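Welcome! Here is a short tour for someone meeting this protein for the first time. Please have a look at the model before reading on.

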Amino acid sequence: MRNYLSSKPLAVKEIRELRQQTTEGGSTLEVIFDLKGTGLTYITAANSAIYATNTAEDVEKFAKMFSLNLDTTFVFSKNAEFNGKMPKMPFPTGSSISFREALTKHIDFTAPISKKMLTAMAPLCEAKEDREL
C-alpha cells in the first residue's frame, strides 16, 4: 500500500513484443517507460509495479448506480467487533479519502474479486454475517 500511495504516473515510451511467434497465445512484452523528470531511476533487475486505475466514466457510472456523491469523504477503518486475524490492509486506513479517489485507485472494477481481497475487506464490514464469510 505504501508503494501505491507514493507511486507516480509514467508515460510509456515504447512497447515491443519479444517473442518471434505468439500463435499459442503467449506473449512477452518489453515496456519502456519515460523516467525523465520523475526523480525515479531504474537499475537492471530492479522491481517495479503497475497499478491500474478505473476510468472517470466508469467511476461516475458506479457512483450514479449507488447514489454516491463522489466528493464525500470517509475513512476505511477496522470494525471494532471483528475478532479474526487482521490481514495487511489493501486500503489506506486512518486518513480521509473521497469516494472518487477510493473508486478510482483502490477498487478494481474489471477484475474478478479474489479470496485475498475478500479476506482483507472482511474486517471493514459492519454486518456480522458479512465478516464471517
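## A nonpolar patch and its surroundings

Strand E1 (11-17) and strand E2 (29-34) each supply at least two residues of a nonpolar patch. This is a predicted model, in which local features need pLDDT of at least 70, side-chain atom pairs count only at pLDDT 80 or more, and totals for chains, interfaces and linings use all residues. Residues are numbered from 1 along each chain as its sequence is written, and side-chain values use heavy atoms, leaving out hydrogens and water.

The patch covers about 350 Å² of surface and is made by Val12, Ile15, Leu29 and Val31. Of these, Leu29 lies in strand E2. Such patches join nonpolar side chains (Val, Leu, Ile, Met, Phe, Trp, Tyr) within 5 Å, from residues with over 30% relative accessible area and no salt bridge (a side-chain nitrogen of Lys or Arg within 4 Å of a carboxyl oxygen of Asp or Glu).

Stepping back, the protein has five helices and four strands, in the order α-β-β-α-β-β-α-α-α from the N terminus. Helices (H or I, at least four residues) and strands (E, at least two) are DSSP runs, numbered from the N terminus.

| Whole-protein item | Value |
|---|---|
| Buried residues (under 20% relative accessible area, 1.4 Å probe, protein chains only) | 17% of 133 residues |

Finally, Ile113 lies in the loop between helix H3 (99-106) and helix H4 (115-121). Ile113 is exposed (over 50%), with a relative accessible area of 53%.

Key:
Patch = residues over 30% accessible without salt bridge, like charges linked within 9 Å, V, L, I, M, F, W, Y side chains within 5 Å. Areas by Shrake-Rupley, 256 points an atom, 1.4 Å probe, with all protein chains shown as cover.
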